[in-house]
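Subject: Handing over a structure, with notes on what was found

Dear colleague,

Could you please look through the structure below and keep it open while you read the notes that follow it?

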Amino acid sequence: MTDKTVQYEQYQESLLAEKKDLDEKLARLVNFIGSTTFQQLPNNYCDLLQDQQIAMEEYARILAARIDLFTSDYAPKAETGGPEAPEPAPKAEEPEPKGKKKHDKDNDWKE
């Protein structure tokens, strides 16, 4: 195994650990928001905690999407250290509709 491959695997493990840690913190926050203690807090503080929950949920969604890339065609490659997009599929040529004129820059207008 090359050093780059080891770094890639460590990157995956680090991302998984980050997601697990975030999920645990988010679960604690959600539990707190459902508690009677939360209901006794000033409204502006409750609003901030609810905003924090929304932000953490979005962060968790993004981490989950990155983790899903591990097995997709758009996964980061160890050789480059970054994502590589898959080769785009060649586009099929669409036939020209009959009876319509098409501009040909070399021959002016033609059928």
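A salt bridge, as the term is used here, is a side-chain nitrogen of Lys or Arg within 4 Å of a carboxyl oxygen of Asp or Glu. Before applying that rule, please keep in mind that this is a predicted model, in which local features need pLDDT of at least 70 and side-chain atom pairs count only at pLDDT 80 or more, while totals for chains, interfaces and linings use all residues. Residues are numbered from 1 along each chain as its sequence is written, and side-chain values use heavy atoms, with hydrogens and water left out.

**Salt bridges**

Side chains of opposite charge can pair when their charged atoms come close. By the rule above, three salt bridges are counted. One of them joins the side chains of Glu 58 and Arg 61, with 2.7 Å from N to O. Both residues lie in helix 3 (residues 43-68), three residues apart, which is about one turn of the helix; helices (H or I, at least four residues) and strands (E, at least two) are DSSP runs, numbered from the N terminus. Glu 58 is partly exposed, with a relative accessible area of 36%, and Arg 61 is also partly exposed, at 47%, where buried means under 20% relative accessible area, exposed means over 50%, and partly exposed lies in between (1.4 Å probe, protein chains only).

Another salt bridge links Asp 23 with Lys 19, again at 2.7 Å from N to O. These two residues are four apart in helix 1 (residues 3-33), so about one helical turn separates them. Here Lys 19 is buried, with a relative accessible area of 15%, whereas Asp 23 is partly exposed at 32%.

Asp 21 and Lys 25 meet in a salt bridge too, at 3.4 Å from N to O, and they are likewise four residues apart in helix 1, so that about one helical turn lies between them. Asp 21 is partly exposed at 37%, and Lys 25 is partly exposed at 41%.

Helix 3 has 26 residues and reaches 37 Å from its first C-alpha to its last, close to the 38 Å expected, the expected span being 1.5 Å times one less than the number of residues. Its buried residues are Cys 46, Leu 49, Gln 53, Met 56, Ala 60, Leu 63 and Ile 67. Gln 53, which is buried with a relative accessible area of 17%, touches Leu 26, Leu 29, Val 30 and Ile 33, not counting residues up to four places away in sequence; a contact means heavy atoms within 4.5 Å. Of these, Val 30 is in helix 1 and is partly exposed at 36%.

The largest nonpolar core has 13 residues, and those touching the most other members are Leu 15, Leu 22, Leu 29, Phe 38 and Met 56. Helix 1 and helix 3 each supply at least two residues of this core, and the largest share, six residues, comes from helix 3. Such a core is a set of buried Ala, Val, Leu, Ile, Met, Phe, Trp, Tyr and Cys residues joined through side-chain atoms within 4.5 Å.

**An aromatic pair**

A search of the whole structure finds one aromatic pair. Phe 32 and Phe 38 form this pair, which is edge-to-face, with 6.1 Å centre to centre and 85° between the planes; rings of Phe, Tyr and Trp (its six-membered ring) pair if their centres lie within 6.5 Å, and planes under 30 degrees apart count as stacked, over 60 as edge-to-face and the rest as tilted. Phe 38 is buried at 8%, while Phe 32 is partly exposed at 30%.

**Confidence**

The chain averages a pLDDT of 76, and 57% of the residues score at least 70, pLDDT being the predictor's confidence in each residue, from 0 to 100. Confidence is highest in helix 2 (residues 36-39), at a mean of 97, and lowest in strand 2 (residues 82-83), at 46.

With best wishes
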